[in-house]
Amino acid sequence: MPSGRSSDRQQRRRGGATSAARGSGARRRSEAQAPAKRSGTRPGAPSGSRPRPKTRSETAGAFKLSSTRRAALLALLLCAMALSVSVPLRTYLTQRDELAAQEEQRTELTQQVRELELRKVQLSDPERVEAEARSRLGYVRPGETPYVVELPGQPMAPPTAPAPEEGGAWYSDLWKSLTGN
């Protein structure tokens, strides 16, 4: 036996291997080459067999769902996202329209305020007030004689008669008619 030990050592130094070492080295080499040979085959099948068709669980991907279910789930997810965005978007657009309407109304009111302030300044002058009273209301100063000029194309407004004085109660009207007052 001692001669066997020295021969094992010498063979190892030279690059050779004993029968036990040769077996383990052969296994290592075959395992390293095995994954390259087995691509597309099922585990445990002989290396020369046909690749088997993929099952539903292998094609399902994440969460083991079929492609139809994944598409339905994606459609459901997109609908939920669209609904969650549509309500705030509708509110934003409505408020933007209301804001534009309010701005327009504010601009109109500002213009009216300017016109009314100008009119107020104009009516603070007594001569302007008198001219307005004469033209619009037909007022005249005491002692003046008013004349109304009728133009041929304009219809004449009927003169307004003063309203008759209303008496008091019916019994006071009866008493006045009896006494003559």
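A salt bridge here is a side-chain nitrogen of Lys or Arg within 4 Å of a carboxyl oxygen of Asp or Glu. Keep that cut-off in mind: several stops on this tour use it. The model is predicted.

**Stop 1: E130 and R141**

Select E130 and R141. They form a salt bridge, with the closest N and O atoms 2.9 Å apart. E130 sits in helix 5, while R141 is in the loop between helix 5 and helix 6, so the pair ties together parts that are eleven residues apart in sequence. Now check the solvent side. E130 is partly exposed at 28% relative accessibility. R141 is partly exposed too, at 45%.

**Stop 2: the whole chain**

Zoom out and show the cartoon. The protein chain has six helices and zero strands. Read from the N terminus, the order is α-α-α-α-α-α. Color by relative accessibility next. Of the 181 residues, 4% are buried. The accessible surface of the chain is about 17,000 Å², and carbon and sulfur atoms hold 58% of that.

**Stop 3: confidence**

Color by pLDDT. The chain mean is 76, and 59% of the residues reach 70 or more. Where is confidence lowest, and where is it highest? Helix 2, residues 19-38, has the lowest mean, 51. Helix 4, residues 67-123, has the highest, 94.

**Stop 4: E103 and R106 in helix 4**

Stay on helix 4. Select E103 and R106. Their closest N and O atoms are 3.2 Å apart, and the two residues form a salt bridge. They are three residues apart in helix 4, which means a separation of about one helical turn. E103 is partly exposed, with a relative accessible area of 38%.

**Stop 5: from helix 4 to helix 5**

Move to R119 and E132. This is another salt bridge, with the closest N and O atoms 3.6 Å apart. The pair links distant parts of the chain: R119 belongs to helix 4 and E132 to helix 5 (residues 126-137), 13 residues apart. Is E132 buried or exposed? Its relative accessibility is 16%, so E132 counts as buried, because buried means under 20%. R119, at 29%, is partly exposed.

Together with R119 and E132, they are linked in a network of salt bridges. How many salt bridges does a search of the whole structure find? The search finds seven.

**Stop 6**

Jump to helix 6, residues 170-179. How many of its ten residues are buried? The number is zero, so helix 6 lies largely in the open.

Show the side chains of W170 and Y171. The structure holds one aromatic pair. The ring centres of W170 and Y171 are 5.8 Å apart and the planes meet at 80°, so this pair is edge-to-face. The angle decides the label, because planes over 60 degrees apart count as edge-to-face. Both partners can be checked against the surface. W170 is exposed, with a relative accessible area of 66%. Y171 is exposed as well, at 54%.

**Last stop: G180**

Step just past helix 6 to G180. Check its backbone torsions. G180 takes a positive phi of about 85°.

Methods: Residues are numbered from 1 along each chain as its sequence is written. Side-chain values use heavy atoms; hydrogens and water are left out. pLDDT is the predictor's confidence in each residue, from 0 to 100. Helices (H or I, at least four residues) and strands (E, at least two) are DSSP runs, numbered from the N terminus. Buried means under 20% relative accessible area, exposed over 50%, partly exposed in between (1.4 Å probe, protein chains only). Accessible areas come from the Shrake-Rupley method with a 1.4 Å probe; for residues, only the protein chains shown count as cover. Rings of Phe, Tyr and Trp (its six-membered ring) pair if their centres lie within 6.5 Å; planes under 30 degrees apart count as stacked, over 60 as edge-to-face and the rest as tilted.
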